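Visitor: Hi! I've got a structure open here and would like to talk it through with you.
Guide: Happy to, let's have a look together.

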Amino acid sequence: MKKSKLDSTLVNNGSKHKDKTIGDPFFNCVLASDASRKVDFLILVIETLQINATDSLLLKAKNIGLSDDFSNRVQFWKMRCSNPLRNTYTFSSLSSDQIDSLVELISSMAENLYPLIRQLLSSKEPIILNQERWSLFNTRLKSLIRERMNVKRSYIASLLSDDKNDLFRELLVILSLSCGKGGANRLKASLYYQS
Amino acid sequence: MINLSYRFDQNSSSLIISGMPDVSNGDSENTIGIVSSWTLKIIGSPLLEGEKEHLENLMQVIFLYSRSYISGIRKTFVSNKKIITICPFGLSHKLLLNSTKEGVNPLEIILDDSELSDLTRCLDLLRFDSRFNIQWDINEELPFSKKYIVKNLSNSNKNINFLFSIIIFLFSGSILVFVPTNDKYEIIETTKNSQSLFKQNE
């Protein structure tokens, strides 16, 4: 990559490797502590938007040629149990290969669900219709959170009691910006830190 | 001379790029190697057009903003020569475009989240399109440093948990200071016992 022409004071993104393209761009990077939580919540949003999403996820994983971790529901569930906020937390962490596969899977599912995500994020939609959509989305997502997450955790309790739903909107924005190849790169970069 | 034109549509955004193959670079007849013009139509705003440099500036700013936004960071980005600026505007985003021609007022476009993602996707399509043999001057998506994220997170109560824990520690510590120890009680007990033993011996 050539050197950026952007104003250095504003464009400096804290990255030490801003101008390098040679080699692995994620060399010297560590997985963020909240990566497994973020990934699990993104899949939960996909499940909210699509009924029987697990089947679709596994089928999609098969179609894009992902690893054995996606061969059946149990393996997939075990990966998701690395989220410490889950009822069935397994004290495990995701490997970088698993993160790559999950990012690819989320990105391609987000592409399929983009029209729905867009409808929820758009401010140009009729207000009443938008409110109804958000109400349905919130109810379904909260019921999934109640079912899968540890409700004794204060973070989950605050999510369930909060009416603003800032996190839910944030998750939808992440999904909308994760579509396609560029989106997958963006999502992957957001799951790592420069060490 | 072959003049090619490709179009990228993404809901509210529509980008048309015109150009020609760079024969000196060995481009095929369907590949654009030299961009002659571009037009971008965002629904509800005027038609944007310009040269390759302007498009490159727009791509740089939009990609950086989207990269930051996906990490929860909302901050202003300005391109070189201050042609394009993007900044948060309430829940939406404000795109400010300054014309390179003199006497033309800056153009302001307000984008909501869905329009921002449409525009980002549209530019993504262009960036990874194999029909273009152009080296775009764009920053690669890379992880931020932890320090940068903490510094720029819009969440204002990020230090509240730490402050709250210190207050709890001081409060519980001060309560423990006032709790009387039972050393004195044990001494009285032992002296009472020794006194009773002494009386029994008498």
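Visitor: Among contacts in chain A between residues at least 6 apart in sequence, what share joins residues at least 24 apart?
Guide: That share is 69%. Bear in mind that this is a predicted model.

Visitor: What does the secondary structure of chain A come to?
Guide: Chain A has ten helices and two strands. Along the sequence they follow the pattern α-β-α-α-α-α-α-α-α-α-α-β.

Visitor: And how much of chain A counts as buried?
Guide: Of its 195 residues, 49% count as buried.

Visitor: Where does Asn52(A) lie, then?
Guide: Asn52(A) is in the loop between helix 2 (35-49) and helix 3 (53-63) of chain A.

Visitor: Buried or exposed?
Guide: Asn52(A) counts as exposed, because its relative accessibility is 54% and the cut-off for exposed is over 50%.

Visitor: Switching to chain B: what about the phi of Asn11(B)?
Guide: Asn11(B) also isn't a glycine, and its phi is positive, about 50 degrees. You'll find Asn11(B) in the loop that links strand 1 (4-10) and strand 2 (13-20) of chain B.

Visitor: What is the order of the open sheet of four strands in chain B?
Guide: The order is 5-6-7-8, with antiparallel pairing. Strand 5 (77-78) and strand 8 (107-111) are the edge strands, each pairing on one side only.

Visitor: How many bridges join strand 5 and strand 6 of chain B?
Guide: Two bridges, in the antiparallel sense, with strand 6 covering residues 84-89. Val78(B) has Thr85(B) in strand 6 as its bridge partner.

Visitor: Which helix lies across strand 5, strand 6 and strand 7 of chain B?
Guide: Helix 1 (residues 52-70) of chain B does, running at about 25 degrees to strand 6. Helix 2 (residues 113-127) of chain B packs on the sheet too, touching strand 6, strand 7 and strand 8, and its direction makes about 110 degrees with that of strand 8.

Visitor: Last one: which residues form the nonpolar patch on the surface?
Guide: Phe162(B), Ile166(B), Phe169(B) and Leu170(B), with about 460 Å² of accessible area together. Phe169(B) is in helix 4 (residues 160-178) of chain B.

Visitor: Why does Phe169(B) count as exposed?
Guide: Because its relative accessibility is 61%, and exposed means over 50%.

Definitions and conventions: Residues are numbered from 1 along each chain as its sequence is written. Chains are lettered from A and ligands numbered from 1 in the order in which they are written. This is a predicted model: local features need pLDDT of at least 70, side-chain atom pairs count only at pLDDT 80 or more; totals for chains, interfaces and linings use all residues. Side-chain values use heavy atoms; hydrogens and water are left out. Buried means under 20% relative accessible area, exposed over 50%, partly exposed in between (1.4 Å probe, protein chains only). Two strands pair if DSSP finds at least two bridges between them. Contact means heavy atoms within 4.5 Å. Axes are lines fitted to C-alpha atoms, for helices over the stretch in contact, and angles run from 0 to 180 degrees between N-to-C directions. Patches are made of residues with over 30% relative accessible area and no salt bridge: like charges are joined within 9 Å, nonpolar side chains (Val, Leu, Ile, Met, Phe, Trp, Tyr) within 5 Å. Accessible areas come from the Shrake-Rupley method with a 1.4 Å probe; for residues, only the protein chains shown count as cover. A salt bridge is a side-chain nitrogen of Lys or Arg within 4 Å of a carboxyl oxygen of Asp or Glu.
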